[in-house]
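Hi everyone, thanks for making time this morning. I'd like to walk you through a few spots in one model, so please have a look at the screen.

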Amino acid sequence: MNRNLKNAVIAFLVPLPSILFYLSFIRNFESAAIADGSGAAALSPVWAWCATHPLLLANVLFFLNVNVVFWVVSQCISSHWMIDLYWTVIPVMLVYYYANFPLAQFDGWRSGIVIAMTWLWSLRLTHNYLRREKWQFGAREDWRFTDMSRQYGGNWWWMCFFSVYVSQQVFLMGICLPMYIIHTVDKPLNVWDFAAVAVCLTGIVVAYFADTQLHEFVTRNEVLEGLGKPKVPNLDRGMWSYSRHPNYFGEQLWWWGLALFAWNLGHGWASAGALVNSLCLAYVTVLVERRMLEQEYRAEAYRLYQKTTSVWIPWVKSSAFAVKDKST
């Protein structure tokens, strides 16, 4: 079995424990409801606790199946590549988990719209991930994990459990809180729902075109490098002429659009996940730009790019430097 196929099989098998547990829980709940119509009251203590604590159960399953199982697998294959792939998949699993929970209550239209948009978001991000990795499963792990492994050396094997996996639980469960709220409040659609849809879809479209332009730029540079020609130092065309990180901007619109759904349902606190994620991405932006400036062939061009172009929110170039940029 070649490496790509082996990694693909591992990726499909690792979430099975939590999926099978959830299906068993649903089956037991339905059996109890059919038996005497009392639902959770007729369940065993374990299943009854699951039925009345959907958010805690989701976190327990995440901890055991993602944090623990993924961490064990990562130690066996010496790579943390799977968490990047599952960042694109777990929100889809969570929205179905909340929508099909036995005691869930929600507006069917709102739920259907959010599920459809989550699929669209996931397909876009998964396609971009696999395209970037040249359609290979486990070709490499995130460069930040590689840098941290060098930094922490012999302690990385246990530190990665917290910095790679537990941290992902905080981020993913936090930013997906609006999906939980959407499936606990039954309120008819209103104008704010349509505003949230517009924000989410705008984010998906912006991120798609930004990532596509970045992929084309990277591909062209790989061709130039293969021909022994100088690489283009910086992408400053298309959406990237208005923002240094339009893909990040689009991604943030998606999560803040979901937060708007929760706010509209009277649970603005659920936007805390989107806020933490934005703060984290701000730090990642600093790391990415520092890495760009460390590459000698593009450092000067990127410094000028920083002076002329907005960081996240698309905006016109700074006129004071735009002329200089054009003449250069």
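Let's begin with Arg-298 and Tyr-297, whose side chains are joined by a polar contact of 3.4 Å. A polar contact here is a pair of N or O atoms within 3.5 Å; within protein, one must be able to donate a hydrogen and the other to accept it, and residues adjacent in sequence count only if both atoms are side-chain atoms.

Two words on the ground rules: this is a predicted model, where local features need pLDDT of at least 70, side-chain atom pairs count only at pLDDT 80 or more, and totals for chains, interfaces and linings use all residues. Residues are numbered from 1 along each chain as its sequence is written, and side-chain values use heavy atoms, with hydrogens and water left out.

Back to Arg-298, which sits in the loop between helix 13 (272-293) and helix 14 (299-308). Helices are DSSP runs of H or I, at least four residues, numbered from the N terminus. Leaving aside neighbours within four places in sequence, Arg-298 is in contact (heavy atoms within 4.5 Å) with Phe-217, Pro-233 and Met-292.

Now the cysteines. With a disulfide taken as a pair of cysteine sulfur atoms within 2.5 Å, the count is zero. For Cys-76, the nearest cysteine sulfur belongs to Cys-160, 12 Å away. Cys-76 is exposed, at 64% relative accessibility. The sulfur of Cys-280 is 15 Å from its closest partner, in Cys-176, so that is too far for a bond.

Finally, the aromatics: there are 23 aromatic pairs. Rings of Phe, Tyr and Trp (its six-membered ring) pair if their centres lie within 6.5 Å; planes under 30 degrees apart count as stacked, over 60 as edge-to-face and the rest as tilted. Why is the pair of Trp-121 and Trp-254 stacked? Because their planes are at 10°, with ring centres 5.8 Å apart. Trp-121 is in helix 7 (residues 108-132) and Trp-254 in helix 12 (residues 246-264), 133 residues apart.

Note on methods: Helices (H or I, at least four residues) and strands (E, at least two) are DSSP runs, numbered from the N terminus. Buried means under 20% relative accessible area, exposed over 50%, partly exposed in between (1.4 Å probe, protein chains only).
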